[in-house]
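Reader: I would like to learn how to read the features of a model such as this one. Please give the general idea each time, then the case.

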Amino acid sequence: MADSTQAAPIAADAKPRLPRGVRLVHNEAQGGLVLLAPERVFKPDPIAVEILKRCTGEATLDAIVEDLAKTYSAPRERILADVSALLRSLADKKLLEL
Amino acid sequence: MTAAEPIFKPLGLLAELTHRCPLGCPYCSNPVALDRDELDAATWGRVFGEAASLGVLQVHLSGGEPAARRDLAEITAAAHDAGLYTNLITSAVGLTPKRFAALADAGLDHVQISIQDHEPDSADHIAGYAGAYDRKRLLAAEVVRHKIPLTINAVMHRANIDHVADMVELAIELGASRVEIAHVQYYGWALKNRAALMPSRAQVERAVAAVEALRARHQGRIVIDAVVPDYYARFPKPCVGGWGRRSLNVTPAGKVLPCHAAESIPGLEFWTVRERSLADIWENSPAFRAFRGTDWMQEPCASCPRRTQDFGGCRCQAFALTGDARATDPVCQFSPKHALVAALAEERREEPYVYRRLEREHADSTREKSPAETP
């Protein structure tokens, strides 16, 4: 995730959440979870789904990264870079509140 | 269609809850013959459940004016409970703060409010309804107060196209996160009013340049979506993302259409949700099969490399302008009838609008303010 270093860093105590009007829903016929927004539909990949599910507005970025690093036995630094890049890109599209 | 082509799952459902509307906009895309026998809320609930099973993700609650239905909150809740993303497309007239709060509680996800111009006199004249502009401002404030995302739909034509920058500024002032620069498309009532609504090429070019400048100036503040108006384009729009491919439309009386103007094509057989399931209609109804895929195409579409990008353009427009629904949409520069579009764009006349009215016998261009709405 080379571009993640260029974006403004996200505070460790930020509590990312989907704003009203953006929802992660399950639709069997479309093959699983989809992210719905005004006039737009996104099909998140499995990694994005795991991150999005944790954006509850209660968990901090720190806690989300910790949880993912533990669940997937992956290096914390790499998880942080991946999560930050996704959250920043969603926030720029107004699909996420930080 | 050939056996090898899969039937796509629809993503969007346009639910025309009613054709009733207090406004008289002369560009209304509703058919000139309006439905009166409306589906009840329970039937809409069943349709929404079937739609979700079919793969539909978003439902656009539209009309007419959907707020003309007293059971709009019940219908919205049914769509939400079916797991659908609910988008309300409204003129704002008839939605008091109390009624809107009920929709917010029902799980409404997004609101789209149309505006007719950036100032009240012109806006209310175009809408054929005194006081509409003020009501739109009030509802926009309510939507923002409930933290529900707001899109402003700025409907553009000759009388307001030079105000595009002011209309975008108004959308920002109202708190919209998105604005659609929606050039009038000539179907239904708009086709009747084409000569009175059609902008000039010079106006269109100014508006396109203005939108580019506005996008640069307001990047990150508001998303500006715009397309080139049909009659001045070189290629046709991929109408509804391809016939029977991405979306479907249910009329107030329950007929299921591939697009909202499909009834303007003679000879198509539409099935109704009163008699069949949505899945059966989507897959098998003669109207959906008529222009699905590419097998129905004639030349120059049939061998065109763009045939799976724009699907030959709009079937309703092809029929309206050439008399043949299988013809290439004449907006396309490869259509043998393309010159017709340019000629029609030159037919501009200063004449009074034919306002859209449910009761033609009551047609009257000088409308008074309606009685106070009851919540």
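Author: Start with pairing: two strands pair if DSSP finds at least two bridges between them. Strands (E, at least two residues) and helices (H or I, at least four) are DSSP runs, numbered from the N terminus. In this predicted model, Leu36(A) stands opposite Val41(A) in strand 3 of chain A.

Reader: What conventions apply to the numbering and to the confidence cut-offs?

Author: Residues are numbered from 1 along each chain as its sequence is written, while chains are lettered from A and ligands numbered from 1 in the order in which they are written. Because the model is predicted, local features need pLDDT of at least 70 and side-chain atom pairs count only at pLDDT 80 or more, whereas totals for chains, interfaces and linings use all residues.

Reader: Which pattern does chain A follow along the sequence?

Author: The pattern of chain A is β-β-β-α-α-α, with three strands and three helices. The strands form an open sheet in the order 1-2-3 with antiparallel pairing. Strand 1 and strand 3 of chain A are the edge strands, each pairing on one side only. From one strand to the next the twist averages 35°; such angles run from 0 to 180 degrees between N-to-C directions, with axes as lines fitted to C-alpha atoms, for helices over the stretch in contact.

Reader: How many bridges join strand 1 of chain A to strand 2 of chain A?

Author: Five bridges join these antiparallel strands. In strand 2 of chain A, Leu33(A) is the bridge partner of His26(A), and Leu36(A) is that of Arg23(A). The two strands form a hairpin with four residues between them, and Gly31(A) in the turn has a positive phi of about 85°. Strand 2 of chain A is also joined to strand 3 (residues 40–42) of chain A, by three bridges in the antiparallel sense. That hairpin has two residues between its strands, with Glu39(A) in the turn at a positive phi of about 60°.

Reader: Why does the radius of gyration of chain A agree with a compact globule?

Author: The radius of gyration is taken over C-alpha atoms, and the globule rule is 2.2 Å times the number of residues to the power 0.38. For 98 residues a compact globule would have a value near 13 Å, and chain A has 13 Å, so the two agree. The C-alpha trace of chain A spans about 35 × 25 × 25 Å along its principal axes.

Reader: What is the order of the strands in the open sheet of chain B?

Author: Nine strands form that sheet in the order 7-6-5-4-3-2-1-8-9, with mixed pairing. Strand 7 and strand 9 (256–257) of chain B stand at the edges with a single partner strand each, so one side of each is left without a neighbour in the sheet. Strand 2 and strand 3 of chain B pair in the parallel sense over four bridges, and His60(B) stands opposite Asn87(B) in strand 3 of chain B.

Reader: Is Ile222(B) buried or exposed?

Author: A residue is buried if 20 or more other C-beta atoms, placed from the backbone, lie within 10 Å of its own, exposed if 12 or fewer, and partly exposed in between. Ile222(B) counts as buried because it has 21 C-beta neighbours inside 10 Å. Ile222(B) is found in the loop between helix 9 (201–217) and strand 7 (223–226) of chain B. Ser177(B) is 45 residues from Ile222(B) in sequence, yet 4.9 Å away in space, C-alpha to C-alpha.

Reader: Where does pLDDT stay under 50 in chain B?

Author: pLDDT is the predictor's confidence in each residue, from 0 to 100. In chain B it stays under 50 over residues 360–375. Where pLDDT is low, the predicted coordinates should not be read in detail. The mean pLDDT of chain B is 91, with 94% of its residues at 70 or more.

How values were computed:
Two residues are in contact if their C-beta atoms, placed from the backbone, lie within 7 Å.
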